[in-house]
Amino acid sequence: MPTPEADRVPGHRPARFAVLDPATGEAFDDAPDQQPEELDEVVARARQAWRGWRADHAARTTALRAAADAVEAAGDELARLLTREQGKPLTESHAEIARTAARLRYFADLSPRTRRIDDGRPVHSEVRWLPVGPVAAIVPWNFPLQLAAAKFAPALAAGNTVVLKPSPYTPLATRLLGSVLAAVLPEHVLTVVTGREPLGARLVAHPGIRHVTFTGSVPTGRAVAEGAAASLARVTLELGGNDAAVLLDDVDVDRIADRLFWAAFRNCGQVCMAVKRVYVPARRHAEVVEALAQRAKAVPVGSGLDPHTRIGPVNNALQLARVEQVTRQALAAGARAAAGGHRLDGAGYFFAPTILTDVPSDSPVVTEEQFGPVLPVLPYRNLDEALDAANGTGFGLGGSVWGSDLDRAEAVAERLECGTAWINHHAELSLAQPFAGVKDSGVGVAGGPWGLYGNLRPFVVHRPREEET
Ligand code: NAD
């Protein structure tokens, strides 16, 4: 692997930190533990590179298309590394890489629209859109590449340069991605920095950064907003979720059970907009619990490198402890595990896919984000009660309604307080759609043209009409 730019900051020989394989719990490699002082140099170079990058839209389009091709060409190597450090099955790593390339291609072809304002005054007013300046992109460990691309693709397409910081749990695939892209992008247009805190905090507050785009948990999101306030940089925050799936009484369980199960358990449940709670009419409850429990008991769990694996390990020991804690709390409060409910024996951070029933509604596994392979299934007696519960947390990322009468399901979905609602699906996203959580789940809009404009600022030019000069 060529040495990424960030390692070559003169005068610095970064210390390194270990990267663990969650399937074994053992270190298999390490990454540079860059220090906050290095950011001055990194951001200064990003600012310098911005001059050339912002100037030529056609060159950017060509470079971003080449970047998509380069990601695909490195797909096998990237996928293996991603699975090794993140834990997800190889097929899911390949899907993540395909999505990363697709994102680059989508934004390569997108450009902002200049708009004339015609309001009867004797001037031509024109609204143009200009890049904001160097962007800091900070991402979590659940989809390191896909989430990074969701930030750097629109930022680069808009004409900004980017400093990207992955989670210390998953720095390696991002570093490899950085070197793959460095081969096709101009120097310092995209820089990957790796290291432990306070690297992220210092990047956010760096005076040379003009937009901080962050994906992660709600508490860190609040800290990021506070940090960016120092330089009044723009912030886009994509934060946690606690999405509810509300099943209606006409739901066809056989038909939807697989889709519902995977909406909760894909990526070992570590998805911001996974289904994290299921609300079911009381008379259909046992049937739904049984359908989900059957699948949870049968699904192959193991190392992501094993081609039979459908669910890998939890990514890290801290997250595993959290998943275990919320499950134990629920069980201690009277819940029953219809499947799983415990860690798996042996090395690695494996937790049995778990379906919980009889869960008290104030249990943390219901009110908070479990972010792991555990799903509470809660009965309801009337729909208003279910919607109050679905809307009754501080989160508002996504939600879904499942039933056979689609018009009725859609009418119910309109009552969900969230950014995206699905009928008989969950977490299917188009590259062209806006992505924005409400309440604690986010600030600002990513995705589609809205994501591009999130990296631009309006610049207005007034000039007199010819006859007025
Ligand atoms: P996290 O908030 O702990 O960390 C996210 C990133 O922020 C990491 O790179 C981390 O190193 C960095 N960081 C930590 N402290 C920081 C600070 N003070 N300033 C700046 N950066 C800092 O989140 P996580 O545990 O890595 O990821 C899981 C969370 O991410 C879950 O809450 C999940 O719902 C959320 N998430 C949200 C979305 C979305 O699009 N809304 C997508 C994926 C994950």
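Predicted model: local features only at pLDDT ≥ 70, side-chain atom pairs only at ≥ 80, totals over all residues.

Mentor: Let's start with helix 9 (residues 253-265) and helix 10 (residues 285-298), whose axes come within 10 Å and cross at roughly 50 degrees. An angle under 35 degrees would count as roughly parallel and 65 to 115 as roughly perpendicular, so helix 9 and helix 10 are oblique to each other. As for handedness, helix 9 passes helix 10 in a right-handed crossing. On the helix 9 side, the contact is made by Val253, Ala257, Asp258, Leu260 and Phe261. Helix 10 brings Glu287, Val288, Ala291, Leu292, Arg295 and Ala296. Sort that contact by class and you get eight nonpolar residues, three charged and no polar ones.

Now set helix 3 (residues 75-86) and helix 6 (residues 172-182) beside that: their axes are 8 Å apart, at an angle of about 160 degrees. With over 145 degrees as the cut-off, helix 3 and helix 6 are therefore roughly antiparallel. Here Glu77, Leu78, Leu81, Leu82 and Glu85 of helix 3 meet Leu172, Ala173, Thr174, Leu176 and Leu177 of helix 6. That contact has seven nonpolar residues, one polar and two charged.

As for the sheet, six strands form an open, mixed one in the order 7-6-5-8-9-17. Strand 7 (190-192) and strand 17 (442-443) are its edges, each pairing on one side only. Further in, strand 5 (residues 135-138) runs parallel to strand 6 (residues 162-165) over four bridges, and Ile138 has Lys165 of strand 6 as its bridge partner.

Notes
Residues numbered from 1 in each chain as written. Heavy atoms only, no water. Pairing = 2+ DSSP bridges. Helix = DSSP H or I, 4+ residues; strand = E, 2+ residues; numbered from the N terminus. Axes fitted to C-alpha atoms, helices over the stretch in contact; angles between N-to-C directions. Left-handed = near helix turned anticlockwise from the far one by under 90°. Contact = heavy atoms within 4.5 Å. Nonpolar A, V, L, I, M, F, W, Y, C, P; charged D, E, K, R; others polar.
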